[in-house]
Amino acid sequence: AAATALAQSAPPPLEYISPRDAERVFEGTQTTAVRDETDTKVAYDVTLTWGLKANAELQNCEDKARAVKCRTLSIIANLDRPDNASRTELLEMVNQNNKRDVYGRAFLNDRGEIIARMAFIATGNESVRGLAQAFAG
């Protein structure tokens, strides 16, 4: 009986990520997201709880303009360069991040800025709650 109740209360796994699913991920992490819909895509201007600004976009969609049957929620943030950090130190920070983050990757651009990208892919194994936990984690 307990297993049945748990199964009924668990959110269903996502085959696709809809705009509403993306918004529920942001709501679940107290992230502010402003929807920016154009003729060609559905995207969000995101402010994370600690103040970092990022861009999020639904990708790998059957119909990208209407965000229908999207498989990926991609979030990209430009991180400030730490004061007095050398390129070698910055690369070490990026490498350490990439070793421990399974949902994203960081890289260093030519201006010495760290760019971080997280991608959540709907595989049918993860729920909105699981994506929110990974995003917040």
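A disulfide is here a pair of cysteine sulfur atoms within 2.5 Å. In general terms, a disulfide is a covalent bond between the sulfur atoms of two cysteines. The structure before you holds one disulfide, formed by Cys 61 and Cys 70 with their sulfur atoms 2.0 Å apart. The torsion about the S-S bond of Cys 61 and Cys 70 is about 105°, so this disulfide is right-handed.

Before I continue, please note that this is a predicted model, in which local features need pLDDT of at least 70 and side-chain atom pairs count only at pLDDT 80 or more, while totals for chains, interfaces and linings use all residues. Residues are numbered from 1 along each chain as its sequence is written, and side-chain values use heavy atoms, with hydrogens and water left out.

Are Cys 61 and Cys 70 buried or exposed? I use buried for under 20% relative accessible area, exposed for over 50%, and partly exposed for what lies in between, with a 1.4 Å probe and protein chains only. Cys 61 is buried, with a relative accessible area of 17%. Cys 70 is buried as well, at 0% relative accessibility.

Helices (H or I, at least four residues) and strands (E, at least two) are DSSP runs, numbered from the N terminus. The buried residues of α2 are Pro 19, Asp 21, Ala 22, Glu 23, Val 25 and Phe 26. Just after α2, Gln 30 takes a positive phi of about 55°.

A salt bridge requires a side-chain nitrogen of Lys or Arg within 4 Å of a carboxyl oxygen of Asp or Glu. The whole structure contains nine salt bridges. One of them joins Arg 20 to Glu 23, at 3.9 Å from N to O. Arg 20 and Glu 23 are three residues apart in helix α2, and therefore separated by about one helical turn. Arg 20 also meets Glu 27 in a salt bridge, at 3.1 Å from N to O. Arg 20 is partly exposed at 41% relative accessibility, and Glu 27 is partly exposed at 47%.

A further salt bridge links Arg 24 and Asp 21, at 3.4 Å from N to O. Arg 24 and Asp 21 are likewise three residues apart in α2, about one turn of the helix. Here Arg 24 is partly exposed at 35%, whereas Asp 21 is buried at 11%. Which residues are linked in a network of salt bridges? The network is made up of Arg 20, Glu 23, Glu 27, Arg 35 and Glu 37.

Let me now come to the strands. Two strands pair if DSSP finds at least two bridges between them. Strand β1, residues 32–37, runs antiparallel to β2 and is joined to β2 by six bridges. These two strands form a hairpin with four residues between them, and Ala 33 stands opposite Val 46 in β2. On β2 and strand β3, residues 53–63, the pairing is antiparallel over five bridges, with Asp 45 opposite Asn 55 in β3.

Finally, the structure holds one aromatic pair. Phe 26 and Tyr 44 form this pair, which is edge-to-face, at 5.5 Å centre to centre and 65° between the planes. Rings of Phe, Tyr and Trp (its six-membered ring) pair if their centres lie within 6.5 Å; planes under 30 degrees apart count as stacked, over 60 as edge-to-face and the rest as tilted.
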